[in-house]
Amino acid sequence: REVKDHLNYEHRVFNSEEFLKTRAIGDQPFYKKVLETYMFHSFLKARLNRKMDAFARLELSTQSEEDRLNLMFHAPRRMTMEKMASKRFNPQYMISRRMVISMPNLQDITLPECPTRNSSLRRLETGVGKGRMSVKMPSKSVSTFKIPEIHFPLMFQCVHSYYTDFFNHLSKAINTLPPDNSALLARYFYLRGLISLMQGKLLNALSDFQNLDKTDLRIFPTDLVRKIVETMPPSERSQADRKPELKKLISRMMEKQREVMKIDDHVKNFELPKTHMQLDDFVKRIQESGIVKDIDTIHRLFDALTVGHQKQIDPETFRDFYNYWKETEAEAQEVNLPPTVIEHLDKNECVYKLSCSVKTNYGVGKIALTQKRLFLLTEGGCPGYVQIAAFRDIEDVKSTTVAFLLLRIPTLRIKTLSKKEVFEANLKTECDLWYLIVKEMWAGKKMADDHKDPQYIQQALTNVLLMDAVVGALQSPKTIYAASKLSYFDRMKNEVPMMVPKTTSETLKHKINPSAGETFPQAIDVLLYTPGHLDPSERPGNAHPKLWCALNEGKVVVFDASTWSIQQHCFKMGRSKL
């Protein structure tokens, strides 16, 4: 399932090297072999084509709220507090020091004596007497359909009579079956369609297969129906076109065939560039790497990396930037906060950056950055938590110096609305970067609150991590100036204050972006709201309200209107406007 984290859909790229790093070292040779197989290559193609197969349906049905939010906001991968707390008690993480998924050595692991949770599929009961464990499967309703018996020579007339008899038996079963038993009804329609096909009655066959749309689309024989349509005589084709249901089916099949012919089926493995890159090539390479998708953000990154140089980026600079980004990502995955600190943070918060150990007026420790706040991870016998500031609570940020003997030490000062005392940290060489980071997050949070749009804070996070990687990769006197090119929200706040009208602010409750995850914004052609139960405890099955957004070129995004998270991302409905 982690494969999707290393795919770039726009350029059809799979970063196999980064995927292998998420596996345990001892298991990597096995996974290398798997990655070379035809079956895995077919799996990759299906993912990149966004094919709605059994795997995609399983993934959709088991998505957590966090997974759905990640579809909306392309944020760098970090571990949430909830996952950090759970990994302490999860045997999967105890097997390996790094957070990798490993195939365990079963001889070395003692399984618990009883199941850790109740299974919805089976019930385990220990047999009495012989010490055996019996597995009792839940009873499934089984339906039996008796086909006509064959008691005749296989001559044309007899076979034709047999098919007619078979067709009549199925018709009788269909007519007597209650309409709510759609799964069994679908099987009867499927069988009757095959019998009609053997009889040469193509229109009857198509009608039965078309009924699968209303009963069980999973068993729809796409290839078979396409062949029927392609080989249908003109007289029968004209009859089919006069029936609205069949005409719609044929149109859909031909549209699918055109889509299949257009599909670019190649899969590229990610490789670092070997030649200098102009802007367009750089955009493509960064998107392929999975670091950023948004074109405007990549343009600003290009400006940052080319400060003081020609407007092109050499392979060495790209490699240094890419490696620093990936190393920072891996280090952040290993941050392990004690429970006494985790309890102060929200379960969906992640630590995105830690400073070096610094002296502050709150004590000695490391400054930690999450998407919501700054806090001090104090050092000593037992690491502790001291709140510095929530971003929405910040009143002012300054970068200054304080005198110490004959030295002037760079210091960051943060003033908040809720505290009289100003926070001071002697950040030394890190001060200028942290000044940019805090100001960008502060501006991003203000924009997010003003516009009721959480996407702004995620974009601000991406900006500050790009700043960090630029400073780490360039190592030159102009690095802070280069990083400031990525201070998008701070610059916007100072240059073009975006005031939200009072009536809009009072009316607007939550802003969503159907183009999230796309490389550029897309126009919305149609919106459709389908009502349901807002309270999750009340909704039966999947009856929550949904907002369907039809984008350009036949793309559809579905939002869960009870949480405003994306339920299904960009499935295609041909290329026509909806």
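**Figure 1. Packing of helix 8 against helix 9 in the predicted model.** The buried residues of helix 8 are in contact (heavy atoms within 4.5 Å) with helix 9 (182-198). Helices (H or I, at least four residues) and strands (E, at least two) are DSSP runs, numbered from the N terminus. Buried in helix 8 are Tyr162, Tyr163, Phe166, Leu170, Ser171, Ala173 and Ile174, where buried means under 20% relative accessible area, exposed over 50%, and partly exposed in between (1.4 Å probe, protein chains only). With 21 residues (156-176), helix 8 reaches 31 Å from its first C-alpha to its last, close to the 30 Å expected at 1.5 Å a residue; the expected span is 1.5 Å times one less than the number of residues. This is a predicted model in which local features need pLDDT of at least 70 and side-chain atom pairs count only at pLDDT 80 or more, whereas totals for chains, interfaces and linings use all residues. Residues are numbered from 1 along each chain as its sequence is written, and side-chain values use heavy atoms, with hydrogens and water left out.

**Figure 2. Surroundings of helix 15.** In helix 15 (residues 279-289), the buried residues are Phe282, Val283, Arg285, Ile286, Gln287, Glu288 and Ser289. These buried residues pack against strand 1 (7-8), strand 2 (13-14), strand 5 (268-269), helix 16 (295-305) and helix 17 (315-333). Gly290, with a positive phi near 85°, follows helix 15.

**Figure 3. Glu331 in helix 17.** Glu331 lies in helix 17 and is exposed, with a relative accessible area of 55%.
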